[in-house]
Amino acid sequence: MKYFPRRISALLTTVSLLGISALGTVRPVVALESPKETETLIAEASYEEAIAYFQRAIRYMQQEKYDLALAEFTRAIELDPKYANAYIGRGMIYTILEKWQAAFQDLNVAIRLNPRDGYAYLFRGYVYLAFNEKQNASVDLQTAADLFRREGNQEMYDSAIKRLREIGQ
């Protein structure tokens, strides 16, 4: 795992913070007035279920049960194909397992869905390093550092900057 950071345990400890901001409450159910409202409630129920799968995946990831985490992230994506954090989580698992192409695809989707998430750029930067694309890796790692700095995540900012220095950028 040449390209993966040495302090994987620190990343896995902090990864549980990924979905916290997305865990909004579902609006109370009211009497249905139209098919549109029914569709909205179904979508909200799927999202709530996707969050449950996401949370289980994070627990499995922290226990280093990557096959179980992968299955839970995949189920979360099936339930809510626009759940960016689930793509990030699955991309992280693929990165850990050195399944670079699968990681790259998931992280690209995550960035398209949420271009302000530093974790997606951080891990896509690692994937670019595996592809020996240092310039693209540098761009993503710098973007991750900037996003982490803006949100006040000093530990992850330091991690991204350290990796940039290691590759000479």
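Leaving aside its neighbours within four places in sequence, which residues is Arg90 in contact with? Contact here means heavy atoms within 4.5 Å. On that basis Arg90 touches Leu70, Phe73, Thr74, Ile77 and Asp106. The model is predicted, so local features need pLDDT of at least 70, side-chain atom pairs count only at pLDDT 80 or more, and totals for chains, interfaces and linings use all residues. Residues are numbered from 1 along each chain as its sequence is written, and side-chain values use heavy atoms, with hydrogens and water left out.

Arg90 sits in helix H4, residues 84-96. Helices are DSSP runs of H or I with at least four residues, numbered from the N terminus. Arg90 is buried, at a relative accessible area of 13%. Buried means under 20% relative accessible area, exposed over 50%, and partly exposed in between, with a 1.4 Å probe and protein chains only.

Phe73 is one of the contacts of Arg90. Apart from neighbours within four places in sequence, Phe73 meets Phe54, Ala57, Ile58, Met61, Ala86, Gly89, Arg90 and Ile93. Phe73 also belongs to the largest nonpolar core, which has 50 residues. Such a core is a set of buried Ala, Val, Leu, Ile, Met, Phe, Trp, Tyr and Cys residues joined through side-chain atoms within 4.5 Å. Met61, Phe73, Tyr83, Ile93 and Leu122 touch the most other members. At least two residues each come from helices H2 (35-62), H3 (66-79), H4, H5 (100-113), H6 (118-130), H7 (134-150) and H8 (154-166). H6 gives the most, with 10 residues.

Now the rings. The structure holds seven aromatic pairs. Rings of Phe, Tyr and Trp (its six-membered ring) pair if their centres lie within 6.5 Å; planes under 30 degrees apart count as stacked, over 60 as edge-to-face and the rest as tilted. Phe54 and Tyr83 have ring centres 5.4 Å apart and planes at 45°, so this pair is tilted. It links distant parts of the chain: Phe54 lies in helix H2 and Tyr83 in the loop between H3 and H4, 29 residues apart. Both Phe54 and Tyr83 are buried. Phe123 and Tyr126 have ring centres 5.4 Å apart and planes at 85°, so their pair is edge-to-face. These two are three residues apart in helix H6, and therefore about one helical turn separates Phe123 from Tyr126. Phe123 and Tyr126 are both buried. Ring pairs also join Tyr47, Phe54, Phe73 and Tyr83 into a cluster.

Helix H7 comes next. Its 17 residues should span 24 Å at 1.5 Å a residue, and its end C-alpha atoms are 24 Å apart, which agrees. The expected span is 1.5 Å times one less than the number of residues. In H7, Ala137, Ser138, Asp140, Leu141, Ala144, Ala145, Leu147 and Phe148 are buried. The buried residues of H7 pack against H6 and H8. Thr143, also in H7, is partly exposed, with a relative accessible area of 25%. Its side chain reaches the backbone oxygen of Val139 at 2.9 Å. Just after H7, Gly152 takes a positive phi of about 80°.

Helix H8 holds Ile161. Ile161 is buried, at 13% relative accessibility. The C-alpha atoms of Ile161 and Gln142 are separated by 7.3 Å, although these residues are 19 residues apart along the chain.

Conventions. Polar contact = N/O pair within 3.5 Å; in protein donor to acceptor, adjacent residues only side chain to side chain.
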